[in-house]
Amino acid sequence: MLKLGRLLAVATIIFVAFPVHEFAHAATAVALGDDTPRWQGRYTLNPMAHIDPMGAILVLFAGFGWARPVQWNPSRINIDRRLGTILVAVAGPLSNLLLAVIGAFVVRATQTGSSFIFDFFYNFMGINVALFVFNLIPVPPLDGSHILFALLPGDNYQLRAQLNQYGFLILLAVIFLAQSIIYAPVNWIIRALMNPLLF
C-alpha cells in the first residue's frame, strides 16, 4: 500500500513538476524568439495546459511519466537551429534536476524530523530524478531524441523516421522490461544528491 507521503509527492509531480518541466521548454523557445508556445497556451504554469492523463497515471505506478509535449518552431528562433533545439530540449529535464536538488536539500534537513515530511520530499526528489533520466532517453518523443538528432551530423532523416515509427514500442519495452536502464543512473544521482559534501 502506498504511503501518504508518496501519494502526495506523486500529486505534486503531476501538478507542479510536470508544468514546470513543460513551461521550461516553452520559456526557452520563447526566449529564443519563437512565440508558438505562447500562442498555443503553453507559456504557463497552469497544470491543465500540460497534463497528459496516461503519463500522469504512469507516474503513480512506475515513478516516471510525461506531460503533453510543448510544440515550437525551430525556424523562428534567433540562434543556430541545432543549438536552439538542444537548449529547448534540455530545459525540461534540467528543471526536474533542479527540483530534485531542492527536494534533496529538504530531505537532508529533515532526516531526524517528521517521517511524513521526509517521505514526501524523498519521493519528490526521487521521482524528479527519474523524470530527468527518463526524458533524456534518446527515443522519440522524449527530449533526449531531440538532443540526439541535433548532435548527429548531416541529414539523419532515415534514423529519425525509424525511431519515430518504433519509439513508443521501445519506450514500453524499457518501462516494462528494462527499468534498470532508468533506475541504475537514478540511484547513482540520488546517492550523489544525498552526499553531505555536495552542498
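I began with helix α6, whose buried residues pack against α1, α4, α5 and α7. I took helices as DSSP runs of H or I, at least four residues long, numbered from the N terminus. Buried stands for under 20% relative accessible area, exposed for over 50% and partly exposed for in between, with a 1.4 Å probe and protein chains only. Packing was judged by contact, meaning heavy atoms within 4.5 Å.

The model is predicted, so local features need pLDDT of at least 70 and side-chain atom pairs pLDDT 80 or more, while totals for chains, interfaces and linings use all residues. Residues are numbered from 1 along each chain as its sequence is written, and side-chain values use heavy atoms, with hydrogens and water left out.

**Entry 1: Asp-143**

I located Asp-143 in α6, which covers residues 143-151. The buried residues of α6 are Asp-143, Gly-144, Ser-145, Ile-147, Phe-149 and Ala-150.

What I did find is a polar contact of 3.2 Å between the side chains of Asp-143 and His-21. Such a contact is a pair of N or O atoms within 3.5 Å; within protein, one must be able to donate a hydrogen and the other to accept it, and residues adjacent in sequence count only if both atoms are side-chain atoms. Beyond four places in sequence, Asp-143 is in contact with His-21, His-25, Ala-89, Pro-93 and Asn-135.

**Entry 2: the largest pocket**

I noted a volume of about 740 Å³ for the largest pocket. Of its 32 lining residues, Val-70, Trp-72, Pro-141, Asp-143 and His-146 are the closest to the centre. A pocket is an open set of points on a 1 Å grid over the protein atoms alone, where a 1.4 Å probe fits, with protein on both sides within 12 Å along at least five of seven lines; lining residues have an atom within 4 Å of a point. Points are joined across faces, edges and corners, and the volume is the space filled by probe spheres set on them. Helix α4 gives the most to this lining, 5 residues.

**Entry 3: Pro-141**

I placed Pro-141 in the loop between α5 and α6. The peptide bond joining Pro-140 and Pro-141 is cis, with omega about 5°.

How values were computed
Helix = DSSP H or I, 4+ residues; strand = E, 2+ residues; numbered from the N terminus.
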